[in-house]
Amino acid sequence: MNRHWIAPLLLLCALSVSAASPVTPQRVRVSSGVMQALLVKKVPPQYPQDAKDQHIQGVVVLKINTDKEGNVYQAELVSGHPQLAPAAIEAVKQWKYKPYQLNGTPVEVESQVQINFTLVN
């Protein structure tokens, strides 16, 4: 009996089973619009006094990562005035989101948020 074909056949079966099994990634990228809809707690930034005194305004864009419970555990500056960035980061790290689910399983999320700093006369 010729058995040299058994090993390739078993390998093919194993690959077919693993390819058919759904794999949930550990972290996914989600649009800022989707994240806005999941936001449950938004802490406003404290406008830095130095920035107020210098009449600095603008938008700060941050890259954020949330854990499986919807907590922001990392926020990094993408763009915006450096004097406004620390206040934006401090505020955003206190934000809370509904957990993002993929195939019914909560996953970590990477996204971007914008924080507007506007002086009122």
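Is Asn65 buried or exposed, and at what relative accessibility? Asn65 counts as buried because its relative accessibility is 2%, where buried means under 20% relative accessible area, exposed over 50% and partly exposed in between (1.4 Å probe, protein chains only).

## Basis of the model

This is a predicted model, in which local features need pLDDT of at least 70 and side-chain atom pairs count only at pLDDT 80 or more, while totals for chains, interfaces and linings use all residues. Residues are numbered from 1 along each chain as its sequence is written, and side-chain values use heavy atoms, with hydrogens and water left out.

## The sheet

Four strands form an open sheet in the order 1-8-3-4, with mixed pairing. Strands (E, at least two residues) and helices (H or I, at least four) are DSSP runs numbered from the N terminus; two strands pair if DSSP finds at least two bridges between them. Strand 1 (27-29) and strand 4 (72-79) are the edge strands, each pairing on one side only.

Strand 1 and strand 8 (residues 108-117) run parallel and are joined by three bridges. Arg27 has Glu108 of strand 8 as its bridge partner.

## Surroundings of Asn65

Asn65 lies in strand 3. Its side chain makes a polar contact with that of Gln74 at 2.7 Å; such a contact is a pair of N or O atoms within 3.5 Å, and within protein one must be able to donate a hydrogen and the other to accept it, while residues adjacent in sequence count only if both atoms are side-chain atoms.

Beyond its neighbours within four places in sequence, Asn65 is in contact with residues including Arg27, Val72, Val109 and Glu110, contact meaning heavy atoms within 4.5 Å.
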